[in-house]
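The model is a predicted one.

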Amino acid sequence: MHAFLEQPEIYTQRHGLRGCYTRRVERITQSDERVGVRTFLQQVVQQLSRMTEQEIIPQYSHDYAELDEARQLASQPSRILVADDDPGMRQLLGLVLGSSGFDVLTAADGYELLRIAQGCRPNLIVVDLGMPRMDGFEAIRRLRGDSRTAHIPTIILTARSSIKDVVSGFESGADDYIAKPFDPNELLARVQSHLRRSAQRPVHNPLTGLPGGVLLSQELRHRLSQNMPLALLYADLDNFKIFNDTYGFSHGDRAILLLAQAIQTSVMRYGGIEEFTGHIGGDDFAVLSVPQRASRMSQAIIDSFDEQVGQLYNREDRLRGYISGADRYGILRRFGLMTLSIGVATNQRRAFSDEVAFTQVAAEMKHFAKGRPGSCYAIDQRGPYRLQHAERRRQHSHKLVIVSADRTLRSVLHTAFEDHEYTIEEALTIIDALDHLSDPLQPTVILADAELGPSLWAFCARQARDNTGPAVVVLTYHTDDLAQARAAGAAASLQLPLPFSDIIACVDRLI
C-alpha cells in the first residue's frame, strides 16, 4: 500500500496495471462506508479482474490516438476541475481522468469551485449538483455569468436523475449530464469530445457564449455556396467607446450583454431554424437570416435595445440625454446615449461570389445607418432592379464625383448620395477626377478629401479662375485645411465629423 501511495509507477511495474488500478480503487472503498459507493467501486474491481493488461489500457487510459490529438491542440495537458463534496468520488475521478493524461484539480463545494475556476481557468469542469454552501446549480450559473469562465465546458455528474434536476442543470448553463454511478469509458469519451470541440478555432465568445467570428464565417460561406436565400444583419453600438471610457469596462460588458439579449430575444420571437447569431467581438454582432424577415427582425432588435439601454446610465445622464467627453481627436464634445445601428445585406437582388463582398456591403449599410439620428437600420436595395431604375433616371439626375484615397470614405459617401438620387463616380486622385470632366454627363459637384493636399488646392484654384465646370466641396477634419480650402477658392469646405444630412444639404445648395 505504501509503495502505491508514494510511487504508483513502481507499484505498477511490480504488479501490473490491473494491480495498480485495483489497489487504488480498494483504498477508496475502504475509506468510504456508504453502501452505494462501495457497491459501485466493487463493480469496478470486478470489471478489472476480468480484463487483460491489453484491455485495461484502452479502457482506463482510453484511446491513445485521441489523447495524442488532444495534446497536439495544447502545449500542456488539458486541465480538468472536479467539484464534488465526496472525497472518495474526487479520488476516483482523479484516478480515471489522471490516468488518461489530464491534469486534475478538485474542489469540495461551489465556492471553492468558483475560486479555483477563476484563478486557473480549467479546460473543462465536472461538477456535482448536491454540494454544501453552494450547490452545483448556483455554481454553474455564476460560472456562466463571469466572462472569465463563461466559455468553459461543464459536465454535471450527479446521483440526481429526475427530469426536473436534468432540466434545471441545463437551464443553469451545463453542457452535458452524466448520472452516477458512471461508466469510466463514457465519462472519458464525453470529456474528450467536449475538449476537442472547445479546442477548435471556431469557439464561442467568452462573454456572451455566442458563436465567434470563425464559426460565423464558416456558416456564411456555406450558405453562399448553396445559393440559399440570405440576409446578413450587421449590428453595433453608437457612442459605445465614450460610455465604456466613462463608466468602466464592467458596465461596457453589461451593454454588450444587453445587446446580445436583445438580439437573441428577437431571433427567438421572429426567427426560424434559418437564423444564426454570432458575436464578432466587442460590440459587433451579426445575424444570418432570410431576406423576408430582415426588416422585422432589425426593428425588433432596435426596439428591445432602446427600451432597456437607459438602465445602464445613472439618473443624471439619463435625464440629460448625453454625457460629455473627448472624441478621438481630443475635442471636448457631447455624446448622446448609446443607440444601435444595423446594416443589412441580402442576396435577394444580386448574387455574391464570396463572403468578403457580402460582408462589405453589410458594413457599408451599417456606416450609412450610423449617419442617421437615433437607432436605425438600413437594408441594401442595390442590384439589377436598382441599376435599371438608375439608368432610366440618369438623364435627369445630377452627377457627383467623390475623390479620396480612403476607400471607406468613398464607400459611405457613395451609399449616402446614391440614396438621394445622385449618379456617383469615384476617383482616387485629382488626375482620375479630371477624366470625368470630359464625360458627356459632366459632374455637377466634386466632393474631395482634403488629404489629397497640394493637387487639390491647385485644382480648386483652377476651377475658381475659370468659373466653369463643377463646384468643389472639400471635406476635412482639420481647421488648417478649412482655411487652405477657402484660400484656394473651393465652393464650400466642411469640417468633420458631420451628419450625412449636412453634407448632402451643402451639395444640394450648389446644384
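## Cysteines

Cys 120 is partly exposed, with a relative accessible area of 22%, whereas Cys 460 is buried, its relative accessible area being 1%. Because a disulfide requires a pair of cysteine sulfur atoms within 2.5 Å, the predicted model can be checked for such pairs, and the count comes to zero disulfides.

## Overall composition

The secondary structure of the protein comes to 22 helices and 17 strands. Of the 511 residues in the protein, 48% are buried, and the protein exposes about 25200 Å², of which carbon and sulfur atoms supply 49%. Among contacts in the protein with a separation of 6 or more, 65% are accounted for by residues 24 or more positions apart.

## Helix 7 and Ile 116

Helix 7 spans residues 110–120, and its buried residues include Gly 110, Leu 113, Leu 114, Ile 116 and Ala 117. An α-helix has 3.6 residues a turn, so residues three or four places apart point the same way. At the N-terminal end, helix 7 is capped by Asp 109, a side-chain oxygen of which lies 3.1 Å from the backbone nitrogen of Tyr 111. Just after the helix, Arg 121 takes a positive phi of about 50 degrees.

Within helix 7, Ile 116 has a relative accessibility of 15% and therefore counts as buried, the cut-off being under 20%. Leaving aside residues up to four places away in sequence, Ile 116 touches Leu 81, Leu 105, Thr 106, Ala 107 and Arg 121.

Five strands, in the order 14-13-15-16-17, form an open sheet with parallel pairing. Strand 14 (422–427) and strand 17 (492–495) stand at its edges, and each has a single partner strand, so one side of each is left without a neighbour in the sheet. From one strand to the next, the twist averages 20 degrees.

Strand 13, covering residues 398–403, runs parallel to strand 14 and is joined to strand 14 by six bridges. In this pairing, Leu 400 stands opposite Ile 424 of strand 14.

## Helices across the sheet

Helix 18 (residues 407–418) lies across strand 13, strand 14, strand 15 (445–449) and strand 16 (471–476), and the angle at which helix 18 runs to strand 14 is about 170 degrees. Helix 20 (residues 454–466), for its part, lies across strand 15 and strand 16, running at about 150 degrees to strand 16.

Gln 463 is found in helix 20 and, with a relative accessible area of 9%, is buried. Its side chain reaches the backbone oxygen of Pro 470 at 3.2 Å.

Conventions
Residues are numbered from 1 along each chain as its sequence is written. This is a predicted model: local features need pLDDT of at least 70, side-chain atom pairs count only at pLDDT 80 or more; totals for chains, interfaces and linings use all residues. Side-chain values use heavy atoms; hydrogens and water are left out. Buried means under 20% relative accessible area, exposed over 50%, partly exposed in between (1.4 Å probe, protein chains only). Helices (H or I, at least four residues) and strands (E, at least two) are DSSP runs, numbered from the N terminus. A polar contact is a pair of N or O atoms within 3.5 Å; within protein, one must be able to donate a hydrogen and the other to accept it, and residues adjacent in sequence count only if both atoms are side-chain atoms. Contact means heavy atoms within 4.5 Å. Two strands pair if DSSP finds at least two bridges between them. Axes are lines fitted to C-alpha atoms, for helices over the stretch in contact, and angles run from 0 to 180 degrees between N-to-C directions. Accessible areas come from the Shrake-Rupley method with a 1.4 Å probe; for residues, only the protein chains shown count as cover.
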